[in-house]
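This briefing is for a reader new to the structure. Please look over the sequence and the model before reading on.

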Amino acid sequence: EFLNNPLRYTMADLKSNPTYQAIKELSLALIYLTRFGNRGDETLRTSWIGYDREIIHDLIEEEMLRGRSRYQTTLSDEGIEKAQQILKKYKIPDWE
């Protein structure tokens, strides 16, 4: 019912919805998989963002991401660790 009429629900309802949680989790995994280095950064933490703004905001609040510019965001150590756990959960191979 939630997806059929999302306007009837509050943001708190949305954020507690399992579908929203799955989208957030998989967005973090995609941010991790599409990361790249930036200006000599050897750790590959930067990613282009084209994801839902609320999801990005939540990931920043949860300290999975460290801020964002208009087009990019940077993964935190915690975000990298969590993304790697998500990949293992779904049996998705990491980049070698």
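Helix α4 (residues 77-89) has 13 residues and spans 19 Å from its first C-alpha to its last, close to the 18 Å expected at 1.5 Å times one less than the number of residues. Helices (H or I, at least four residues) and strands (E, at least two) are DSSP runs, numbered from the N terminus. This is a predicted model, in which local features need pLDDT of at least 70, side-chain atom pairs count only at pLDDT 80 or more, and totals for chains, interfaces and linings use all residues. Residues are numbered from 1 along each chain as its sequence is written, and side-chain values use heavy atoms, with hydrogens and water left out.

**Sides of α4**

- Gly79, Ile80, Ala83, Ile86 and Leu87 are the buried residues of α4 (under 20% relative accessible area, 1.4 Å probe, protein chains only).
- They lie on the same side of α4 because they cover an arc of only 120° around the axis, taken from the directions from the helix axis to the C-beta atoms.
- The face turned away from the buried side of α4 carries Asp77, Lys88 and Lys89, which are exposed (over 50%).
- The cover over the buried residues of α4 includes α2 (18-33) and β3 (72-75).

**After α4**

- Lysine 91 follows α4 and has a positive phi, near 55°.

**Strand pairing**

- Strand β1 (residues 46-48) runs antiparallel to β3, joined by 3 bridges; strands pair if DSSP finds at least two bridges between them.
- Threonine 46 has threonine 74 in β3 as its bridge partner.
- Strand β2 (residues 65-68) also pairs with β3 in the antiparallel sense, over 2 bridges, and arginine 68 stands opposite threonine 73 in β3.
- A hairpin is formed by β2 and β3, with 3 residues between them.

Key
Contact = heavy atoms within 4.5 Å.
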